[in-house]
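Please look through the sequence and the model first.

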Amino acid sequence: MARDFFCERLVLTSDGGVRDIDLAYPVVCVFGPIDTGKTTLVDCIKYALGLPVAWREVPGERLQTVTLFVRVEGMRIGLRRSVVRDASSVELLDSSTGGVEEILDVEPDSDRRVVGEVLLDLLGLGEMFAPPSAVALLGAGARLTFEQLYAMCYLAQDVVDGTESVRGKANTAQSYRTVVELLLGLTDGPMRVLTARRDGLSRTLSDLRRRAETISTFLTGSAADLEAELARSRDEEHAALQRLEEFKGRMRAATAHADPLRRRVQEAEQFLERCRRAVADGEHALVRLQQKVRELIREHDNGPARRSPCPVCCADLTLRPVPEGDCPWCLSELDPAVLARALQAAQDALAAAERQLTEQVKAHSEAQATWEQARIELDARTREEISPLAAQIERLAAAHATARTRTMMLERELEPHRRLAELHRSVQTCEDELKGVREEIRTRKNLLAGRQTTLGEFEEHFTGLAGSVGLPGDPGARLNHSSLLPQVRAGSLTKVGHGVRCAINVVYRMAFLSYALVTGATDLPSFLVIDSPRKNVGYGHDDQELVGRLYTHFLDHIAGVRSGGALRTRPHQIIIVDNDLPQLPKRLLDQMRMIELTRDNPLVP
């Protein structure tokens with residue numbers, strides 16, 4: 001069933017004031033000379049819906065805000081977006097009070113809702129255009145947006161005149177086909193999820209096979225032979241380790257028997273070190289005492305030597321007169337007996353130090369002999385019991401290291417074979433899962449058995465409309481089942497003239513709306529904007545007649561559908577902007593809401 005999408009009112013504020021435009025009519029025609037704001041009007045509709053717009057120079061400089069009041073599936077809302085301030089958000093308004101209910105983002109940059117997602121939800125297409133399961137499988141690539149849907153409802157000038165593919169800038173070839181299939185019911189949300197799973201599994205399977213092929217290219221030998229050799233190497237490594245641990249245990253036992261000798265050597269070495277320190281301290285004390293005795297003898301024989309400078313004030317005392325027999329510092333009289341006693345005491349201390357040093361040297365010699373004897377006994381025990389074990393341990397350690405190295409080399413050589421086996425298991429798992437998904441897709445296709453019938457009906461509807469317009473030369477307009485885009489009997493639209501190509505593009509988009517109204521078997525919004533069809537078809541006599549037939553037939557067709565009875569409750573809206581209108585019967589002009597723009601009365605005040 002066609003989705004209700006109806007623009008009721010457009011309010012523009014600019015430097016020159018406010019412009020309020022009533023759009024609440026099934027057919028609205030905006031006409032006037034160039035640079036009066038016709039394309040700007042449809043750009044304002046796009047802008048308020050949160051879509052990107054490349055503003056014309058003058059309107060872009062003068063516009064301040066754009067507000068659009070729209071009815072979506074029976075719900076009336078307002079959307080207001082600033083041109084001069086924050087263009088990244090849209091205010092959601094209450095249509096009756098005009099108050100702001102919510103701030104929506106243009107792009108998903110925060111936690112706020114996005115305009116396009118809100119509009120898809122209101123249209124009941126949110127789950128269809130962005131099913132969570134498919135988005136989880138393929139990421140953002142599985143998400144279709146409101147912009148891609150709106151491209152089905154809006155024929156910009158560059159689409160009408162054929163300079164751009166009729167699918168519009170927002171859609172790629174794949175996304176356009178998906179949108180058309182969804183709108184015509186040729187596929188659905190569950191099928192998109194299955195398709196996403198199939199595509200993801202197909203890519204994974206291709207990657208696994210490519211990796212397996214790369215590894216296989218560089219492998220030599222048999223995995224089974226390597227596994228057997230690795231098992232033998234591990235057995236050898238284990239046996240070598242057991243023997244090594246056995247001899248290490250015997251070494252620890254032998255070492256324990258030698259521990260008393262080792263402690264004797266350690267104790268003797270410690271005592272020897274103490275003796276060394278005592279001898280060194282005695283020699284140092286002897287040197288000090290010898291120096292002191294020499295100084296006292298010199299003072300006894302020659303008197304005290306002059307000393308300079310003064311240790312207190314640092315004055316120079318070298319020229320100070322000192323009487324014979326006086327102290328050169330304090331100038332007091334020296335007592336020879338005191339100096340003699342000091343000399344005798346120093347000589348006695350020196351003799352005692354010499355005797356003590358002699359005893360310390362003797363003790364050091366005895367300690368040295370004791371340590372050497374203990375060391376000889378320990379070395380003898382080591383040679384007899386420990387050295388053979390140590391040599392055997394060294395040989396066993398080398399054998400174990402060799403076995404371990406060989407095991408590691410075999411493991412590294414076998415690792416690609418194991419990775420290859422794991423890849424083969426992954427390939428088999430992926431193939432089984434892909435087979436199941438393809439079976440589910442076939443089952444789903446059976447549930448959508450009428451899809452080819454629907455596609456045939458739509459193509460018949462399109463070719464019927466194109467035939468009734470009377471295209472020059474009977475180009476044979478038809479539908480390309482691969483791209484779902486229009487083509488002609490001779491091939492692509494580039495095979496026909498510019499005017500015919502423009503007419504086919506317009507008829508193709510008109511076919512979607514009229515098919516929705518005639519059959520109701522589509523989720524397409526019942527809304528269509530066409531920018532400058534007459535100007536782009538051409539101004540020759542034959543061109544103008546073609547445009548007249550295009551307008552006449554389509555408006556008659558829509559009027560007939562509107563009065564057909566069963567589908568009367570499904571509203572629709574067509575907005576056409578053009579430089580001027582072709583000659584049309586009064587009955588058609590009466591169906592249209594005319595909005596004329598002039599250079600004195602442009603769209604943007």
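This is a predicted model: local features need pLDDT of at least 70, side-chain atom pairs count only at pLDDT 80 or more; totals for chains, interfaces and linings use all residues.

Residues are numbered from 1 along each chain as its sequence is written, and side-chain values use heavy atoms, with hydrogens and water left out.

The pLDDT is the predictor's confidence in each residue, from 0 to 100. The protein chain averages 83, and 88% of the residues score at least 70. Over residues 565–569 the pLDDT stays under 50, and the model has five contacts for this stretch beyond four places in sequence. A contact here means heavy atoms within 4.5 Å.

The protein chain holds 17 helices and 13 strands. Helices (H or I, at least four residues) and strands (E, at least two) are DSSP runs, numbered from the N terminus. Among the contacts in the chain with a separation of 6 or more, 70% are between residues 24 or more positions apart. Of the 605 residues, 43% are buried; buried means under 20% relative accessible area, exposed over 50%, and partly exposed in between (1.4 Å probe, protein chains only). The accessible surface of the chain comes to about 31,500 Å², and carbon and sulfur atoms account for 52% of that. Accessible areas come from the Shrake-Rupley method with a 1.4 Å probe, and for residues only the protein chains shown count as cover.

Start with the antiparallel sheet. Six strands form this open sheet in the order β2-β1-β4-β5-β6-β7. Its edge strands are β2 (17–22) and β7 (100–105), each of which pairs on one side only. Two strands pair if DSSP finds at least two bridges between them. Neighbouring strands of the sheet are turned by 20° against each other on average, direction ignored. Helix α1 packs on the sheet, touching β1 (5–14), β2, β4, β5 and β6, and its direction makes about 75° with that of β4. Helix α3 (residues 115–122) also packs on the sheet, with β4, β5, β6 and β7 as its contacts and an angle of about 170° to the direction of β5. Axes are lines fitted to C-alpha atoms, for helices over the stretch in contact, and angles run from 0 to 180 degrees between N-to-C directions.

Within this sheet, eight bridges join β4 (residues 63–72) to β5 (residues 75–82), and F69 stands opposite G78 in β5. These two strands form a hairpin with two residues between them, and E73 in the turn has a positive phi of about 50°. Four bridges join β5 to β6 (residues 89–94), which run antiparallel, and L79 stands opposite L92 in β6.

The other sheet is parallel. Five strands form an open sheet in the order β8-β11-β12-β3-β13. Because β8 (154–155) and β13 (593–596) stand at the edges with a single partner strand each, one side of each is left without a neighbour in the sheet. Helix α1 (residues 38–48) packs on this sheet too, touching β3, β8, β11 and β12, and its direction makes about 145° with that of β12. Helix α14 (residues 498–519) touches β8, β11 and β12, and its direction makes about 165° with that of β11.

Strand β12 lies between β11 and β3 in the sheet order. Five bridges join β3 (residues 27–31) to β12, with V30 opposite V577 and F31 opposite D578.

Why is strand β12 largely enclosed by the rest of the structure? Six of the six residues of β12 (residues 573–578) are buried, so the strand is largely enclosed. In a regular strand the side chains alternate between the two faces of the sheet. In β12, Q573, I575 and V577 point one way and I574, I576 and D578 the other way, and all are buried.

Last come the cysteines. A disulfide is taken as a pair of cysteine sulfur atoms within 2.5 Å, and by this rule the count comes to zero disulfides. C7 counts as buried because its relative accessibility is 0%, and C275 is buried with a relative accessible area of 7%.
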